[in-house]
Amino acid sequence: MSWNSAKYQAQFSYVWEHGESLLSQLNPQPGEHILDLGCGTGQLSAQIAQSGAQVTGLDSDSAMIEQAKENNSTSPPDASSQLRFITGDAAAFQLAQPVDAIFSNAALHWVLNAEAAAHCMANALVQGGRVVLEMGGKGNVKTILSALEQVSGRKSLNPWYFPSIGEYASLLEAAGLSVVEARLFDRPTPLGKAGLAGWLTMFSQRFFSELTAAEWTTLVKETETVAACLHQDGQWVADYRRLRVMAVKRGD
């Protein structure tokens with residue numbers, strides 16, 4: 001799976017902009033070591049580093065990592081020295097030294113082996129270290145997925161991992177993390193100039209690789225027709241449902 005990192009950065013800034021409100025829960029402190037898991041193009045990693053924390057941004061896509069490095073190549077010396085980016089798999093990574101906190105925004109719903117990712121996070125933390133994350137939760141983009149299912153003829157089309165609070169909390173607890181806060185909430189999200197067509201192309205086209213360009217265009221247009229209820233006040237608004245979790249590593 002590969003990304004068009006330039007288009008992602010240009011058209012989907014709302015992904016990290018919504019994640020900015022999560023930073024207050026992370027509350028990074030000077031001198032802390034923090035992992036941004038699924039860092040994408042690195043905007044939030046850079047904001048965390050401005051606190052004085054040492055930040056490692058990790059993403060499985062090399063194009064995203066290269067874009068993140070480019071974005072931060074002209075950072076002030078004190079900020080750039082606090083920040084590095086590496087390629088790695090959220091379900092199979094190891095760090096040379098444990099970190100004080102793990103931050104993750106809009107990434108872990110792409111990781112289908114959620115159990116392995118949870119154990120990797122727990123293993124990467126110091127005792128008492130914290131995880132602060134947001135991801136797609138149960139019911140996320142339900143209207144979009146239902147429209148895609150209807151148009152494509154595919155059943156139970158959900159290539160992502162959108163867990164409930166109970167499901168994900170149980171998984172984290174089993175990995176050695178204590179969940180101290182969890183919230184599942186609706187967040188209707190305007191899709192900007194890219195609209196629903198752009199969203200589908202960026203996030204869903206990879207799951208229809210057998211289609212020709214013309215067939216994909218037809219599928220998108222038909223999906224827009226079926227999901228017309230999401231076109232509100234002259235713009236497309238995705239039916240996002242987000243899961244926010246804060247957890248700490250147990251000492252047992």
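The face of helix 8 that is turned away from its buried side carries Lys142 and Gln150, both exposed, where exposed means over 50% relative accessible area, buried under 20% and partly exposed in between, with a 1.4 Å probe and protein chains only. Helix 8 spans residues 142–152, and its buried residues are Ile144, Leu145, Ala147 and Leu148. Seen down the axis of helix 8, these buried residues fall within an arc of 160°, so they line one face of the helix; the arc is that of the directions from the helix axis to the C-beta atoms. The cover over the buried residues of helix 8 includes helix 10 (195–203), helix 11 (213–226) and strand 9 (235–238). Just after helix 8, Gly153 takes a positive phi of about 80°.

This is a predicted model, in which local features need pLDDT of at least 70 and side-chain atom pairs count only at pLDDT 80 or more, while totals for chains, interfaces and linings use all residues. Residues are numbered from 1 along each chain as its sequence is written, and side-chain values use heavy atoms, with hydrogens and water left out.

The secondary structure of the chain comes to eleven helices and ten strands, taken as DSSP runs numbered from the N terminus (helices H or I, at least four residues; strands E, at least two). Of the 252 residues of the chain, 51% count as buried. Among contacts (heavy atoms within 4.5 Å) with a separation of 6 or more, 78% are between residues 24 or more positions apart.

Helix 7 (residues 114–124) packs against helix 9 (residues 165–174) at an angle of about 50°, with the axes 8 Å apart; axes are lines fitted to C-alpha atoms, for helices over the stretch in contact, and angles run from 0 to 180 degrees between N-to-C directions. Helix 7 and helix 9 are therefore oblique to each other, since angles under 35 degrees count as roughly parallel, over 145 as roughly antiparallel, 65 to 115 as roughly perpendicular and the rest as oblique. From helix 7, Ala114, Glu115, Ala118, His119 and Met121 meet Tyr168, Leu171, Leu172 and Ala174 of helix 9.

Most residues other than glycine have a negative phi.
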